[in-house]
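Dear colleague,

Here is the structure I promised to pass on to you. Could you look through it alongside the notes below?

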Amino acid sequence: MLDVPANSKGAPPRAAARVVLLLAAFLGAGAAASAASVDGAGRIMVVPLVFSGTDRTTVINMSNPGAQPLTITSQYVGAQGTPLVGPHSCLDQRIGPGRSLALDLDAMCAFPPRGDVDNVGYLEMTASADSRFTFMANAVILTNSNGETSAIPAQPIGAYTPAFSEAFVLGLRTEGPTSPTGEVFECFVGTFDLGKKVGLELRDNSNTIIGSLGMTMGPRRMMRANLAKSLPLANRDNLRVRITSKDTAAAILGCAIEHKGTRAVAWQPAQSPAAMDASRLKSVDVRRMLHEGPYNIDAEWFHTLTGATMDLKVTLTTYLQADDVVRCYLEPSFAGADLMPWLEMQVRGPDGLRVAGGNGAKDTGFIQTGPRGRYPASMGNRWFIDVSLDEDAFAQTPFPFNWWWGTGEWGMHCDSAAGMSEPIGLPNASTGNTDDF
């Protein structure tokens with residue numbers, strides 16, 4: 001159901017009708033199924049760029065897929081040079097089970113009069129309920145004069161954690177003095193709970209720096225920069241912006257291309273080079289012979305039922321983000337040994353307690369890592385995955401391999417919506433990984 005309350009500008013219901021809800025969900029079934037991103041769902045959702053002005057406004061659509069009502073608490077952070085710089089608390093919204101709510105930014109945040117200057121910033125929304133917190137959100141910029149719309153997706157706040165010291169926005173351009181569209185682009189940096197220092201470089205198609213700027217920002221701030229402002233008007237294609245930072249604070253990083261005639265906006269988030277990024281993997285496969293840096297480390301399980309002298313599980317560790325959805329399941333190893341029927345797995349949280357899987361489990365199902373603060377800061381966000389022999393399966397079905405060939409083999413696949421680090425093995429000798437499940 002879509003609830004469309006009256007808004008502060010008396011926008012017609014067609015404004016909400018233009019809202020497109022993008023739900024990316026895990027697909028498929030069974031242990032071999034792959035997963036798609038669910039970046040459209042989380043407990044804390046962020047729309048990286050929102051507008052409220054005389055000729056355009058952002059309409060926010062929030063959807064509650066759960067079986068209990070949600071309360072959404074929101075905070076708007078205005079960009080420098082706008083009427084409402086910094087954080088501004090918005091009105092709480094309640095969404096019933098299985099229902100959706102569409103509101104324009106003015107109605108959601110009860111903005112004071114602004115004159116002819118647009119409010120521009122980002123919006124952070126947090127859900128609270130008795131148990132399940134996840135909700136979905138999306139936004140469109142609606143132009144009041146001509147009905148043009150521009151979609152800007154919301155993402156969980158974990159998606160804005162930088163994985164590396166540099167990121168890029170590609171595919172930008174500038175236009176000459178006779179341009180019929182008058183396209184321009186601005187870049188935006190938004191901070192959350194921590195301040196941030198970044199450098200921005202505008203590079204041309206030969207990778208030459210043609211504009212640069214440094215920003216030092218406090219918490220809950222948004223700054224924008226037109227890196228091409230001082231350049232002569234000219235048609236330039238294949239421009240890119242390189243963004244660098246030496247700190248690890250989460251931030252909104254991206255550029256928006258605006259069509260001056262229609263006021264339509266295309267948001268392009270900064271991206272880290274995927275080939276180098278091993279800390280925010282959406283999909284990962286791991287096997288007995290782990291590749292950790294320049295080394296190959298053998299991580300086997302052992303059990304007296306198969307002829308070993310001890311019962312030990314394989315323990316892996318990985319870093320997971322808050323407000324994430326993760327799924328792991330067993331699969332054949334690189335050696336071709338399909339021991340899944342005789343193996344079991346479990347996932348333990350930073351406190352060491354089991355949160356998924358267990359005796360006989362081959363698949364963890366969907367794991368919600370929970371909101372920030374679920375675990376004490378001293379524990380961090382380091383999770384654990386265990387693999388061991390399934391004793392019950394061993395008792396029921398003859399084991400097809402002898403100890404000298406393949407009994408320590410295992411394979412596993414994991415999918416993460418917000419991105420996880422590649423699991424690494426913890427040595428049996430130093431941790432005493434006794435098979436305890």
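The notes that follow cover the disulfides, then the nonpolar cores, and then one of the cavities.

Please keep in mind that this is a predicted model, in which local features need pLDDT of at least 70 and side-chain atom pairs count only at pLDDT 80 or more, while totals for chains, interfaces and linings use all residues. Residues are numbered from 1 along each chain as its sequence is written, and side-chain values use heavy atoms, with hydrogens and water left out.

A search of the whole structure finds three disulfides, a disulfide being a pair of cysteine sulfur atoms within 2.5 Å. When the bonded cysteines of the chain are numbered in sequence order, they pair as 1-2, 3-4, 5-6.

One of these links joins Cys90 to Cys109, with an S to S distance of 2.1 Å. It is right-handed because the torsion about the S-S bond of Cys90 and Cys109 is about 75°. Cys90 lies in the loop between strand S6 (86–89) and strand S7 (93–95), whereas Cys109 belongs to helix H2 (residues 105–109), so that the pair, 19 residues apart, links distant parts of the chain. Helices (H or I, at least four residues) and strands (E, at least two) are DSSP runs, numbered from the N terminus. Both Cys90 and Cys109 are buried, where buried means under 20% relative accessible area, exposed over 50%, and partly exposed in between (1.4 Å probe, protein chains only).

Another disulfide joins Cys187 to Cys255, S to S 2.2 Å, and its torsion of about 85° makes it right-handed. The pair connects strand S14 (residues 183–191), which holds Cys187, with strand S19 (residues 251–259), which holds Cys255, across 68 residues. Cys187 counts as buried at 1% relative accessibility, and Cys255 is buried at 0%.

Cys328 and Cys414 also form a disulfide, with their sulfur atoms 2.0 Å apart, and this link is right-handed with 115° about the S-S bond. Cys328 sits in strand S25 and Cys414 in strand S30 (residues 411–420), 86 residues apart. Cys328 counts as buried at 2% relative accessibility, as does Cys414 at 0%.

Turning to the cores, the largest nonpolar core has 44 residues, and those with the most contacts inside it are Met62, Leu123 and Met125; such a core is a set of buried Ala, Val, Leu, Ile, Met, Phe, Trp, Tyr and Cys residues joined through side-chain atoms within 4.5 Å. Its largest share, seven residues, comes from strand S3 (residues 44–52). A second, separate core of 30 residues includes Leu281, Leu290, Trp342 and Leu343.

The structure also holds two cavities of 30 Å³ or more. On a 1 Å grid over the protein atoms alone, a cavity is a set of points where a 1.4 Å probe fits but cannot get out, and lining residues have an atom within 4 Å of a point. About 40 Å³ of space lies in the second largest cavity, whose lining includes Cys328, Trp383 and Met420.

Best regards

Conventions: On a 1 Å grid over the protein atoms alone, a cavity is a set of points where a 1.4 Å probe fits but cannot get out, and a pocket is an open set with protein on both sides within 12 Å along at least five of seven lines; lining residues have an atom within 4 Å of a point. Grid points are joined across faces, edges and corners, and a volume is the space filled by probe spheres set on the points.
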